[in-house]
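Me: I have a structure I have not looked at before. Can you walk me through it?

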Amino acid sequence: MVDNIAKKEYWNSRFAFVMAAIGSAVGLGNVWRFPFICYENGGGAFLIPYFVALFTAGIPLMILEFSIGHWARGSPPEAFKKIGKKWEWAGWWAVLVPFIIALYYVVVMAWCFSYMIYSIDLRWGSNANIFFKNFLGDTGTPEIFGSISLPVVFGLIVIWLFVFVILYKGVKRIGKIVAITVPLPTILLIILTIRGLTLPGAIEGISYYLTPNFSRLTDVNVWLAAYAQIFFSLGVAQGIMITYASFLKKKSDITNNAFIISLADAGTSFLAGFTVFSVVGYLASSQGLGITELGIGGPTLTFITYPTAISLLPVAASFFGMIFYIALLTFGIDSAFSMVEPIVSGLNGKWKISKAKATGFICVIGLLISLVFTAGSGLYWLDIVDHFIANFGLVMIGLVECLILGWMYSIYKFREHANKTSEIKIGIWWDYLIKYIIPSILLILLVIAVFDNITNPYLNHPWWVIIFGGVSPCITIFLLSFVLMKIKKHREAV
Amino acid sequence: MELPLSAIAMLIFGSVVLYGGLAYFLYRAMKSKRI
């Protein structure tokens with residue numbers, strides 16, 4: 001079992017690390033989730049809490065996670081153990097959450113994979129709604145399991161295979177892959193945006209996207225969604241950035257890299273908003289509807305609205321359909337493997353299981369569990385798990401991270417570590433953000449979210465569905481993190 | 001239909017902060033000799 005772990009892995013270059021971290025941060029969240037969350041939370045007004053969340057939580061937390069990973073030079077469980085033996089569970093918790101996200105994230109990618117193929121002959125025809133129903137075998141409720149969708153299963157196998165092939169050789173291969181998979185979708189997105197903006201009605205869509213509705217800023221759910229989106233999109237509070245930073249060389253920059261990666265991620269989300277809303281405006285104008293009448297929500301935007309709009313394009317509809325889904329796939333694959341890498345590193349670090357074996361084991365387990373989401377009711381279960389993991393799991397990990405590092409450890413040591421190796425120096429304000437501001441915001445958001453979800457069950461689903469799909473995954477991974485902490489290390493076991 | 005003034009303001013604000021900021025930090029990274 002003990003093989004390649006004696007040799008510490010490093011990124012090929014600063015470029016490789018920055019690209020890998022951008023690749024991890026930029027994903028379906030930017031194209032699939034951001035425009036949808038933005039649409040649901042007051043359009044342009046959402047940009048304000050989003051920017052606030054980026055600068056008060058996203059960037060400071062990314063600097064913190066880079067500092068921890070670079071300082072500890074190990075996976076999140078090893079890093080938290082180095083802070084204090086009793087905190088190892090927090091590291092396991094932080095690597096289990098992105099693994100859970102990966103389980104349904106790859107399913108969305110499998111949908112994209114099928115849709116990329118269907119784009120060749122625009123198989124969804126003029127009514128993407130019906131096609132989506134046929135494609136997924138939508139049961140209309142999470143209470144009826146439904147049948148497995150074979151095209152989705154095929155896509156799922158392909159995506160997990162890609163994840164395995166990219167990860168099992170270690171970070172040097174990741175560095176080579178991201179040199180293609182990060183710039184390519186950005187170029188494709190720019191092409192799609194230019195096409196979208198030249199369509200009739202695009203300005204109306206952009207207007208809905210950018211015009212701020214300040215009254216929504218009083219709605220606490222809008223702020224919760226902004227912070228959750230930042231955590232989900234940037235890859236913070238998921239153990240990913242700790243893992244990636246552990247592969248940095250000793251004299252690597254931390255702070256400047258954190259700014260570049262965070263701004264590149266948010267910049268892509270901002271750009272994707274134009275890509276999506278210009279097409280939404282075009283669709284509304286073509287069908288003589290107001291934008292609010294389109295009833296866009298969740299994957300509907302990407303798998304119903306966008307394909308419908310593509311079908312209506314006068315020229316090269318198939319071409320634009322294909323590049324849209326290729327962009328989604330290439331955006332998503334970097335994020336997908338980055339969500340799997342922390343748990344692989346955790347297994348590799350603690351039990352000295354080789355990268356190849358750990359990756360293979362996790363990918364097979366991941367594939368088997370992901371199959372649940374390929375059923376006719378998968379869309380509903382996916383949405384419920386996403387709601388609870390993104391809005392509670394990530395927020396709670398961010399909170400625990402700040403409490404452990406800010407209050408149980410000397411946070412200034414991480415600031416000094418970051419300043420020692422970075423060109424841009426951060427001041428004491430950062431300590432206050434980690435110790436007081438971020439945990440306070442997260443705690444308030446968490447309490448309100450718990451209250452909201454108790455008084456109004458999510459989407460009025462029955463309680464057993466919420467407990468089974470939302471609450472139990474959160475509790476299970478929390479308890480599992482303690483179990484993983486208690487299992488002895490390889491050498492101790494022998 | 002024209003873009004409302006508040007939307008144009010958000011467009012400029014968002015672009016300056018995000019893309020201007022990104023360009024600035026990339027410039028500093030390229031100037032720096034850190035690995």
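**Burial and chains**

Reply: Of the 494 residues of chain A, 59% count as buried. A residue is buried if 20 or more other C-beta atoms, placed from the backbone, lie within 10 Å of its own, exposed if 12 or fewer, and partly exposed in between. This is a predicted model, where local features need pLDDT of at least 70 and side-chain atom pairs count only at pLDDT 80 or more, while totals for chains, interfaces and linings use all residues. Residues are numbered from 1 along each chain as its sequence is written, and chains are lettered from A and ligands numbered from 1 in the order in which they are written.

Me: What does the secondary structure of chain A come to?

Reply: Chain A has 21 helices and zero strands. Helices (H or I, at least four residues) and strands (E, at least two) are DSSP runs, numbered from the N terminus.

Me: And what are the spans of chain A along its principal axes?

Reply: The C-alpha trace of chain A spans about 65 × 45 × 45 Å.

Me: How much of the contacts in chain A with a separation of 6 or more comes from residues 24 or more positions apart?

Reply: Such residues account for 87% of those contacts. Two residues are in contact if their C-beta atoms, placed from the backbone, lie within 7 Å.

Me: OK, chain B. What is its secondary structure?

Reply: Chain B has one helix and zero strands. Its C-alpha trace spans about 50 × 10 × 10 Å along the principal axes, and buried residues make up 14% of its 35 residues.

Me: How many residues of chain A are in contact with chain B?

Reply: 24 residues of chain A are in contact with 21 residues of chain B. On the chain A side, the elements that give two or more residues are α3 (47–72), α10 (202–210) and α13 (255–286). α13(A) gives the most, with eight residues.

Me: How do the residues on that side of chain A divide into nonpolar, polar and charged?

Reply: They divide into 12 nonpolar, six polar and six charged. Ala, Val, Leu, Ile, Met, Phe, Trp, Tyr, Cys and Pro count as nonpolar, Asp, Glu, Lys and Arg as charged, and the others, Gly among them, as polar.

Me: Change of topic. Which residues touch the most other members of the largest nonpolar core?

Reply: A:Val106, A:Tyr227, A:Ala336 and A:Val340 do, in a core of 187 residues. The largest share of this core, 24 residues, comes from α5(A). A nonpolar core is a set of buried Ala, Val, Leu, Ile, Met, Phe, Trp, Tyr and Cys residues joined through C-beta atoms within 7 Å.

Me: What is A:Val106 in contact with?

Reply: Leaving aside neighbours within four places in sequence, A:Val106 is in contact with A:Leu156, A:Ile159, A:Trp160, A:Ala336 and A:Ser370.

Me: Where does A:Trp160 lie?

Reply: A:Trp160 lies in helix α7 of chain A. A:Trp160 is buried, with 23 other C-beta atoms within 10 Å. Not counting residues up to four places away in sequence, A:Trp160 touches A:Val106, A:Cys363, A:Gly366 and A:Leu367.

Me: Which other residues of α7(A) are buried?

Reply: Besides A:Trp160, they are A:Val152, A:Gly155, A:Leu156, A:Ile159, A:Val163, A:Ile166 and A:Leu167. Seen down the axis of α7(A), the buried residues fall within an arc of 130 degrees, so they line one face of the helix. The arc is that of the directions from the helix axis to the C-beta atoms. These residues pack against α5 (88–118), α8 (171–181), α15 (317–351) and α16 (355–370) of chain A.

Me: What does the face turned away carry?

Reply: That face of α7(A) carries the exposed residues A:Leu150 and A:Leu161.

Me: Last one: is A:Lys350 buried or exposed?

Reply: A:Lys350 is buried, with 22 other C-beta atoms within 10 Å. A:Lys350 lies in helix α15 of chain A and touches A:Pro77 and A:Lys489, not counting residues up to four places away in sequence.
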